[in-house]
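Okay, thanks for coming, everyone. Let me put the model up, and then I'll walk you through some of its loops, a few helix pairs and the annotated site.

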Amino acid sequence: MKLSSVVVTLLLTVGVSYYIYTPLPAAIEEPLKLMLLDALFRAMLQVGDLCQCLGLSHHIPWIRGTISGLETLGEMAGGQRGGVRVSDVDFDRVPVRVYEPPAAGGGEGGLRRAVMFYHGGGWALGATKMGSYDVLCRQMSDELNAVVVSVEYRLAPEVHFPVQYEDCLAAAKHFLEPGILGKLSVDPQRVAVSGDSAGGNLAAAVAQQISVDDSVSVKFSVQALIYPVLQGLDLNTPSHQQNHNIPILHRFIMARFWLLYLGVDTSLHPLLLSPSFLHHPSIPPSLRSHLNWTNLLPAKHIKHYKPVGMEMVSQEVMGQEGNLLPVLLDVRAAPLLAEQGVLGRTPRAYILTCEHDVLRDDGLMYTRRLQDAGVTVSSHHYDDGFHGALSFAHWPFFFDVGKRMIRGYMDWLQENL
């Protein structure tokens with residue numbers, strides 16, 4: 001009996017270790033913590049998939065509930081940052097959480113700067129009240145003496161593109177109205193738009209639209225994008241090839257989020273992961289050049305990688321191209337594809353990228369395209385960074401690289417906003 005218990009314990013230990021272990025680059029300084037985080041996220045996805053297969057619920061609401069439970073534990077363990085006034089209101093029927101700093105005034109005339117923030121989560125997860133985002137927004141409001149507006153845009157699978165974008169744009173237009181800025185004592189010359197991951201996608205797209213919309217008198221003065229996802233047309237860039245299995249955003253998970261956002265069948269994975277879209281005959285060469293990473297990326301990031309050749313995809317899947325291609329070419333979903341004339345009108349930018357992130361090259365290509373259009377860009381690249389690190393600077397993981405990202409992000413806003 002004793003021996004059998006030892007054997008069972010040993011087998012369980014080996015099994016758990018095998019599930020947790022993921023080969024990681026040597027540059028990542030806290031590999032065990034990242035493996036544990038990745039194992040937790042993969043387990044949530046797999047249990048969610050099982051629930052969906054059994055007809056119990058869609059996997060996304062289940063994952064949201066699990067994350068919410070973990071966030072509750074975090075609040076009990078770590079508490080919240082005090083001193084900032086928080087209110088939940090609607091901006092043009094879009095729920096937002098407004099953070100107002102404890103300090104009475106700001107710059108000239110007592111006006112304060114402001115940040116409109118869009119959270120990440122693959123357009124399907126995340127929330128303004130989520131611990132990591134709530135702590136970040138409180139910190140921004142306190143340290144920058146800024147009004148921070150965090151937008152609770154609707155999520156997939158309940159809604160699909162372009163609803164998330166439209167929610168974010170509506171909230172931005174409402175916030176930028178002179179009367180609203182005046183009521184919140186905000187300096188109209190010092191308003192930023194920002195977001196991380198999918199939120200960075202929304203921030204970039206909204207910044208583009210606001211910049212060319214002559215009906216909006218107040219414009220954003222800066223855009224701050226944290227490891228943004230900016231296109232879904234080519235998931236074979238060097239960073240996708242290099243980091244296809246690096247936590248926490250594996251390449252196949254990014255493809256799932258794209259399909260969920262666009263509201264199409266997740267069985268189209270093979271099509272989205274193939275290079276067939278990039279070489280589709282209906283895409284003009286001028287548009288394809290906006291994604292030509294052989295010209296847009298520095299050699300140190302291209303490394304030895306080469307464009308992936310055409311792959312064989314089933315006729316059934318190929319027949320679905322017509323459902324995917326129009327939205328993948330829509331600049332509201334893929335801000336990287338915007339024309340130079342639009343990019344040139346957007347505000348100066350901060351773009352954070354991580355070496356070990358499938359989205360690295362999206363941010364680097366956008367940096368280059370903005371610079372070519374005459375926009376001043378501060379590119380902050382973290383050689384030891386991975387996707388989502390900024391959100392895991394707090395309980396229970398406390399990643400050092402995430403803390404450094406927050407510090408660099410805050411310092412840039414302090415100096416440039």
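R93 is found in the loop between β1 (85–91) and β2 (94–100); strands here are DSSP runs of E, at least two residues, helices are runs of H or I, at least four residues, and both are numbered from the N terminus. Quick housekeeping: this is a predicted model, where local features need pLDDT of at least 70 and side-chain atom pairs count only at pLDDT 80 or more, while totals for chains, interfaces and linings use all residues. Residues are numbered from 1 along each chain as its sequence is written, and side-chain values use heavy atoms, with hydrogens and water left out.

Back to R93: its phi is positive, about 70°, although it is not a glycine. R93 counts as exposed because its relative accessibility is 72%; the cut-offs are over 50% for exposed, under 20% for buried and partly exposed in between, with a 1.4 Å probe and protein chains only. S185 is another non-glycine with a positive phi, near 55°. You'll find S185 in the loop between α6 (178–183) and β5, and at 28% relative accessible area S185 is partly exposed. As a reminder, most residues other than glycine have a negative phi, and most peptide bonds are trans.

F161 and P162 are joined by one, with omega about 10°, and P162 sits in the loop between β4 (146–151) and α5. P247 and I248 are also joined by a cis bond, omega about -5°; I248 belongs to the loop between α8 (238–242) and α9 (251–262).

Now, which residues does UniProt list for "active site"? The unreviewed entry gives S197, D357 and H387; positions are in the numbering used here, feature names are shortened, and annotations may be inferred rather than shown by experiment. They are spread over 191 residues of sequence, yet they cluster in space, with a largest C-alpha distance of 10.7 Å.

S197 lies in the loop between β5 (186–196) and α7 (198–212), and with 9% relative accessible area S197 is buried. Leaving out residues up to four places away in sequence, S197 touches G120, I226, Y227, P228, V229, L359 and H387, where contact means heavy atoms within 4.5 Å.

D357 is in the loop between β7 (348–356) and α17. Buried or exposed, then, is D357? Buried, at 1%. With residues up to four places away in sequence again not counted, the contacts of D357 include Y227, S239 and H387. The side chain of D357 also reaches the backbone nitrogen of L359 at 3.0 Å.

α5 (residues 163–175) and α7 pack at about 55°, axes 10 Å apart; axes are lines fitted to C-alpha atoms, for helices over the stretch in contact, and angles run from 0 to 180 degrees between N-to-C directions. That makes α5 oblique to α7, since under 35 degrees is roughly parallel, over 145 roughly antiparallel, 65 to 115 roughly perpendicular and the rest oblique. Among the residues meeting there are Y165 and L169 in α5 and L202 and V206 in α7.

α4 (residues 131–144) and α18 (residues 400–416) pack at about 40°, with axes 11 Å apart. The residues making that contact include L136 and M140 of α4 and I406 and M410 of α18.

Notes
A polar contact is a pair of N or O atoms within 3.5 Å; within protein, one must be able to donate a hydrogen and the other to accept it, and residues adjacent in sequence count only if both atoms are side-chain atoms.
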